[in-house]
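Subject: Structure handover and findings

Hello,

Here is the structure we talked about passing on. Please open it first, then read the notes below.

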Amino acid sequence: MVSIKLDNVSLVYKLHDKLTLSAPDRRVGGPGGRIEGSGRKQFVQALDGVSFELRAGDRLGLVGPNGAGKTTLLKVLYGIYEPSGGSVAIEGKVDALFNINIGFRREATGRRNIVLRGLISGWTETEIEEKMEDIIAFSELGDFIDLPFKAYSQGMAARLAFSAATALDPEILLMDEWIGAGDASFQEKAKRRMDELAEKAGIIVLASHSEALIQSVCTKKLTLKSGRIESLTTEPVKRAGKVAKL
Amino acid sequence: MIAALNGAFDDISKAMKLHRVWVALAHEDIGDQHRRTTLGPLWLLVNYVAFVGTFVFVFQPAGKGAAGYAAYVAIGLLVWFYLMEVMSMSVALFQREESFIEGTTLPLFVYVMRLALQSIIRAGYAIVGCVVILIFSGSPVGMPWLWSLAGLFLILFATPPLITVFAFLGAFFPDSQFIVGNLLRVGMFFTPVFWMNKGQDPVQKYAYEWNPFTYFLEIVRLPITNGEFPAHAFTVTIMASLVTWAIALLLLGRYRKQVVFLI
């Protein structure tokens, strides 16, 4: 049974004072959040007491201003960041679309890039071969698939990334700011595939600033602010569900 | 400490299961570095032979010592260039892999193996040149070559932990990229790559005996140039490799989840 359960998850990381001979660099890297402490003991509270539960068929939209913790939350769900507190329980195979260029090599052809993307996602060679034609067909890249990736427009790259990421029917799909992948007709096609995924007992978590995208794709909406949950709509967003203030 | 070691072994075993990923990426790296060139990766062979040729031309001693000098320099440069490339590329490894580390859940050891394989492939071209030089310089081909081969395998064994240690050093201490780069450049003169230790010059003697890299070079070189099994050099290299593995495992186990916040 596909499910996600977060219980009081927090993520705090120290702003490492790197050993360096140059003047201290105060730029903050990594996830967003609140900067606390002072001097040498600064730390960032990127997530604070985040709890929610998702079941098969749920499509959660993550919204909130820049630095609210949307991407951080997605990365915690994917396993890139280890939470500092609380627990994360995930059942199901997770795939993610954070950076569309991940695993794509500029000099390699689209076809070769599908193989690389598949290997990075842990697919077997047989799985890659089986899905190859489907991915190419869905991406509508046609003859471009045998050209180097650097010849693709941004939209074409995003189409290839989306097609590859959703080809193996991930049970849980995490997407960050996935908007504008291709033209309007491809967006429509992508939305249908997301519907199919969700119907196949999948879970989708999508972080975006586009209210329209969230409304058309998601059934739940979680608003984050400074790493905390501000609100969580428990009914389908499309029907303007009741907003539960936390 | 046990938990750290378990974490490290877990990371390594996952990376080994994903060997297709780092094999594919390493091949892509080599291809990309030489794309659109006529000679392609054969440039690695040309560079190596040109270096050895220059050193032999400039530094070859006169008289009796001249005979084995080409073999001496050929093996010295082969091993030194390999170690130098591994170390200098490792310090910025995690920074270079930033988008992968922040976008995928691949174990860190995948990146270590990607660089290791890439360096081994590059060294492979130099080995071809080295063997040709050895044969032309009249080094007798015989059983001692097997010791030399064992020495090469020992260096391969030490490569992944060496990369790991330097990669963590670079992640925690970004200035080390420049420090390591400079030390390696100077290090070539303090390592018996192209000079021979006659035991007369005290500086040379210390540089020979107290530099761990001496022994990495000698386990490959002495069997061929002197036809002997360098027991002492092998012992020192094995000990150094094991210590490096121990440090690498502890770093990997303890800090692998922290790297994403450091880069």
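How much area is buried between chain B and chain A, and what part of that comes from carbon and sulfur atoms? About 2,600 Å² is buried, and carbon and sulfur atoms give 61% of this. Keep in mind throughout that this is a predicted model.

**The interface**

The contact draws 28 residues from chain A and 28 residues from chain B. On the chain B side, the residues that lose the most area to chain A are Glu28(B), Lys257(B) and Phe261(B). Together they make up 23% of what that side buries.

Between the two chains there are 5 salt bridges. Polar contacts between chain B and chain A come to 6 residue pairs, with both residues at pLDDT 80 or more.

Which helices of chain B supply at least two residues each to the side that touches chain A? They are α2 (19-33), α6 (98-103), α8 (144-172) and α13 (259-262). The largest share comes from α2(B), with 7 residues. By class, this side of chain B has 14 nonpolar, 9 charged and 5 polar residues.

Arg105(A) and Asp29(B) also belong to a network of salt bridges. As background, side chains of opposite charge can pair when their charged atoms come close.

**Strand β9 of chain A**

Next, a strand to look at. Strand β9 of chain A covers residues 220-225. Of its 6 residues, 5 are buried, so the strand is largely enclosed by the rest of the structure.

β9(A) pairs with two strands, taken here in turn. Strand β4 (residues 59-63) of chain A runs parallel to β9(A), and 4 bridges join them. In this pairing, Leu62(A) has Leu222(A) as its bridge partner.

Strand β10 (residues 228-233) of chain A runs antiparallel to β9(A), with 5 bridges between them. Leu224(A) stands opposite Ile229(A) here. Lys221(A) has Thr233(A) as its bridge partner in β10(A). The two strands form a hairpin with 2 residues between them. Ser226(A) sits in the turn and has a positive phi of about 50°.

**Salt bridges within the chains**

Over all chains, the count is 23 salt bridges.

Lys221(A), at 17% relative accessibility, counts as buried because the cut-off is under 20%.

Glu140(A) and Arg159(A) also meet in a salt bridge, at 3.3 Å from N to O. Glu140(A) is in the loop between α3 (125-139) and α4 (154-167) of chain A, and Arg159(A) is in helix α4, 19 residues apart. Glu140(A) is partly exposed, with a relative accessible area of 38%. Arg159(A) counts as buried, at 12% relative accessibility.

In chain B, the side chains of Arg122(B) and Glu85(B) meet at 3.0 Å, N to O, in a salt bridge. Arg122(B) lies in helix α7 (residues 108-136) of chain B, and Glu85(B) in helix α4 (residues 69-90) of chain B, 37 residues apart. Both residues are buried.

**A threonine in α8 of chain B**

Last, Thr159(B), which lies in helix α8 of chain B. Thr159(B) is buried, with a relative accessible area of 2%. A polar atom of its side chain lies 2.8 Å from the backbone oxygen of Ile155(B). Leaving aside residues up to four places away in sequence, Thr159(B) touches Tyr82(B), Val86(B) and Ala116(B).

Over to you.

Best wishes

Conventions. Residues numbered from 1 in each chain as written. Chains lettered and ligands numbered in written order. Predicted model: local features only at pLDDT ≥ 70, side-chain atom pairs only at ≥ 80, totals over all residues. Heavy atoms only, no water. Contact = heavy atoms within 4.5 Å. Buried area = accessible area lost by both parts, 1.4 Å probe. Salt bridge = Lys/Arg side-chain N within 4 Å of Asp/Glu carboxyl O. Polar contact = N/O pair within 3.5 Å; in protein donor to acceptor, adjacent residues only side chain to side chain. Nonpolar A, V, L, I, M, F, W, Y, C, P; charged D, E, K, R; others polar. Buried < 20%, exposed > 50% of the residue type's maximum accessible area, 1.4 Å probe, protein only. Pairing = 2+ DSSP bridges.
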